[in-house]
Amino acid sequence: MAGLPTAALQLAGFLMAHAFWATSELPAGSTYQPQSLCMRGDGSRSLQSFEGATPKAQDDAARAFITGGAAQWPDCAIARAVKVGTPTGDVDALVIDVVQNGGNVMTVVQAFRPATQGFRLLGDELVMGDGGPLPPLPAAQAAAAMRVGAIDHPGLGDKWQQWEMARDRISPLVQR
């Protein structure tokens, strides 16, 4: 990767904040409906939710958008909630695919505790490129760009800062 896609990462951060806002308020038995947020060169944005009869069908529609509909946009972020298997059990996570001109340039995974268990971010996000996790410096730069986008979300007020301050320091997705 020649340089980090800063505008796309900030867009992804905005969508991440939006998705966690929705997720932090979900009642028991509800699931986050996958969404995309895409931006044209002039800064205009489009938010889309992915429909389906089941959460899996919604997830499949979101995945198909990554290689299909996202190609018409210079920058897109697609957010999906998933369960990640770990040695200690399943962990809830938000997966955000960062897409430029229809090509997935990186994937960000942020573990969280759902609202029914007291919403909380669990450790730092994992930032992955084609070859797996990014090295520490580019991963930290990508996370910083996403935080700029997250803080820019007008509806959150100070929720993002509260979530950051209460964030667990160790991600259950990282093996030490």
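Reader: What separates W160 from W163 in helix α4?
Author: This is a predicted model, in which local features need pLDDT of at least 70, side-chain atom pairs count only at pLDDT 80 or more, and totals for chains, interfaces and linings use all residues. Residues are numbered from 1 along each chain as its sequence is written, and side-chain values use heavy atoms, with hydrogens and water left out. Helices (H or I, at least four residues) and strands (E, at least two) are DSSP runs, numbered from the N terminus. W160 and W163 are three residues apart in helix α4 (residues 159-166), so what separates them is about one helical turn.

Reader: How many residues apart are F20 and F119?
Author: Six aromatic pairs are found, where rings of Phe, Tyr and Trp (its six-membered ring) pair if their centres lie within 6.5 Å; planes under 30 degrees apart are stacked, over 60 edge-to-face and the rest tilted. F20 and F119 form a tilted pair, 5.6 Å centre to centre with 55° between the planes. F20 lies in helix α1 (residues 6-23) and F119 in the loop between β5 (103-113) and β6, a separation of 99 residues.

Reader: What is the relative accessibility of F20?
Author: Buried means under 20% relative accessible area, exposed over 50%, and partly exposed in between (1.4 Å probe, protein chains only). F119 is buried at 16%. F20 also counts as buried, its relative accessibility being 0%.

Reader: Which residues form one aromatic cluster?
Author: W160 and W163 form an edge-to-face pair, 5.9 Å centre to centre with 75° between the planes. Both tryptophans, W160 and W163, are buried. The cluster consists of F20, F112, F119, W160 and W163.

Reader: What is the handedness of the disulfide of C38 and C76?
Author: One disulfide (a pair of cysteine sulfur atoms within 2.5 Å) is found in the whole structure. C38 and C76 form it, with their sulfur atoms 2.0 Å apart. The torsion about their S-S bond is about 110°, so the disulfide is right-handed.

Reader: Which residues are linked with R80 in a network of salt bridges?
Author: R80 and D59 are both buried. The network links R80 with D59, R63 and D97.

Terms used:
Salt bridge = Lys/Arg side-chain N within 4 Å of Asp/Glu carboxyl O.
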